[in-house]
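Subject: Structure handover

Hello,

Here is the structure for your files. My notes on the ligand site and one surface patch follow below it.

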Amino acid sequence: MASHTLVKKQGGTAHRAALCSCPRPTQACIRPWALLIERLGNFFDEERDPLMTQTEDRTSLSTEDTPLVPIEKVVALSKRRGFVYPNSEIYGGVSGIYDFGPLGVELRNNIRRYWWWSMVQLNDNVLGIEGNIITHPRVWEASGHVENFVDRLVDCKNCKRRWRVDHLPAENLEQNKCPFCGGELTEPRTFNLMMETYIGVVEGERMKTYLRGEACQNIYLDYDNVLKSSRIQIPFGICQIGKAFRNEVTPGNFLFRQREFEQWDLQFFVHPSEMQKWFDYWKEYRFEWYKGIINHTDRLRFRAHESNELAHYAKQAFDIEYRSILGWQEWEGIHWRQDWDLSRHSQYSGQDLSYTDPATKERYIPWIVETSGGVDRTFFFLLLDAYEEEPPSDKDKEGRTVLRLHPWFAPVKVAVLPLQKNKEELVTTAKGIHSRLKRLMVAQYDDVANIGRRYRRQDEIGTPFCVTVDFQTLEDQTVTVRERDGMTQIRLAIDELPGYLVEKVTWK
Ligand code: ATP
């Protein structure tokens with residue numbers, strides 16, 4: 001019997017393969033691949049602008065009165081289903097530090113990979129690097145972090161709550177009053193946010209340095225190496241995803257403000273005369289990017305920085321903000337960094353980081369457009385955006401919790417469920433489908449509890465598709481495919497599954 005047989009009828013012969021790895025595939029093995037290719041066929045028909053891939057028209061799911069999701073709901077779900085755990089919980093935890101569980105790590109990886117794909121892979125003038133967390137300590141003197149990376153903090157003398165001065169509402173700041181209880185606030189104290197560490201073991205020879213307070217510094221440090229080791233020319237960008245560490249004085253709101261977190265940055269190097277053009281381009285690009293991944297698109301906006309917030313070299317800056325139960329909060333910053341970073345590193349390192357235009361021979365320090373956001377904040381806002389508790393309805397008598405994550409990001413793409421656990425043929429067929437599908441995407445097999453409960457379990461973790469193997473499957477090798485959001489069901493031949501699912505869950 002050929003190893004590609006997936007469904008074997010009693011006394012019957014081999015037929016219907018979902019996917020196989022035979023050295024000499026038969027027609028039955030090739031068919032699923034042919035269907036997959038057919039589904040992706042129109043792919044070559046249209047030429048797409050990178051930005052266009054992200055602007056698929058998404059109508060907002062929310063109306064004015066759609067309630068905002070309380071953070072506790074998302075925290076509870078994250079713990080219960082294995083997205084996020086408090087770090088060192090058995091020792092009482094550490095404020096502002098979290099671990100990611102089995103589903104969390106899948107979601108995080110998908111978010112990272114999609115960012116990388118749409119920033120580095122799609123843009124011919126953008127390259128990626130991965131710099132280290134520890135750098136030479138002079139880096140942080142040049143960047144200004146040792147001197148200026150500080151938060152001013154006040155405590156309430158009455159309720160003991162702690163506030164960052166720059167986060168106090170103007171009225172409370174003026175009246176020196178706690179926003180929570182109205183109590184008197186202490187004089188501001190200043191704290192540096194950099195986390196210190198040491199290189200070397202011998203006392204006296206050890207060098208004090210820092211865990212990086214922002215990931216982007218590596219990009220400035222490697223800028224010249226990237227330029228010399230690739231054939232890229234200005235205008236071009238360097239991207240990086242990496243951990244950053246800050247001794248935040250007010251960590252909290254779950255993943256929103258942590259002490260260890262991950263940032264994604266683009267630093268785009270331009271001729272000064274083209275700064276405005278590229279600033280506008282990336283500002284728009286990043287806004288569309290976020291719009292393309294959320295359901296509640298009306299909860300996204302730009303906030304222009306006030307003149308008193310702008311760095312001395314910045315002509316303008318914008319935050320892309322998302323509205324959640326925390327109010328409007330920064331998701332990503334779009335910054336006009338001018339020649340500040342490369343000039344400072346030239347000055348502190350003694351290395352000339354200017355650029356010579358190969359055509360005009362003009363020599364100048366490139367100006368930089370920065371887009372800087374966070375993997376963790378994206379993770380957190382996506383959960384808040386996707387979480388919904390649906391009351392009982394005709395379609396679901398008990399009501400359900402559903403995570404309406406974009407299928408691209410869903411940690412599990414498909415669950416394969418035999419209708420009954422005690423029917424061997426159903427179980428064997430479902431396991432066969434599962435073992436093939438898991439080679440293409442994250443797939444779960446589940447035969448515990450009745451089918452309704454299993455659907456709800458998958459809805460709660462955002463699985464976009466459930467494939468149910470029932471008695472009809474044994475007759476005609478078709479399965480039910482249930483879609484998460486509308487709970488609609490269609491019937492598909494088993495060998496159409498790979499093409500159907502891959503097309504739905506893959507960005508392209
Ligand atoms: P804030 O004013 O909220 O402290 P920031 O303006 O200092 O933030 P940046 O230094 O510009 O933030 O960092 C860029 C991005 O990194 C932010 O837009 C956010 O997505 C993410 N980020 C910054 N600090 C944290 C943190 N403590 N925890 C999680 N993500 C963070």
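**Ligand site**

An oxygen atom of the ligand lies 2.6 Å from a side-chain N or O atom of E330; a polar contact here is a pair of N or O atoms within 3.5 Å. For G374 a backbone N or O atom is 3.1 Å from a ligand oxygen, and for R164 a polar side-chain atom is 3.3 Å from one. The protein covers 86% of the 600 Å² of accessible area that the ligand has on its own (Shrake-Rupley method, 1.4 Å probe).

This is a predicted model: local features need pLDDT of at least 70 and side-chain atom pairs pLDDT 80 or more, while totals for chains, interfaces and linings use all residues. Residues are numbered from 1 along each chain as its sequence is written, and side-chain values use heavy atoms, without hydrogens or water.

The ligand is surrounded by 17 residues, each with a heavy atom within 4 Å of it. R246, E248, R257, Q258 and E330 are the closest. The shell has seven charged, six polar and four nonpolar residues (Gly counts as polar). Strand 15 (327–338) is one of the elements that give two or more residues to it, and gives the most, with four; strands are DSSP runs of E, at least two residues long.

**Surface patch**

I134, I199 and M207 form a nonpolar patch with about 220 Å² of accessible area together. Such a patch joins nonpolar side chains within 5 Å, from residues with over 30% relative accessible area and no salt bridge (Lys or Arg side-chain nitrogen within 4 Å of an Asp or Glu carboxyl oxygen). M207 is in strand 10 (residues 207–211).

Regards

Definitions and conventions: Patches are made of residues with over 30% relative accessible area and no salt bridge: like charges are joined within 9 Å, nonpolar side chains (Val, Leu, Ile, Met, Phe, Trp, Tyr) within 5 Å. A polar contact is a pair of N or O atoms within 3.5 Å; within protein, one must be able to donate a hydrogen and the other to accept it, and residues adjacent in sequence count only if both atoms are side-chain atoms.
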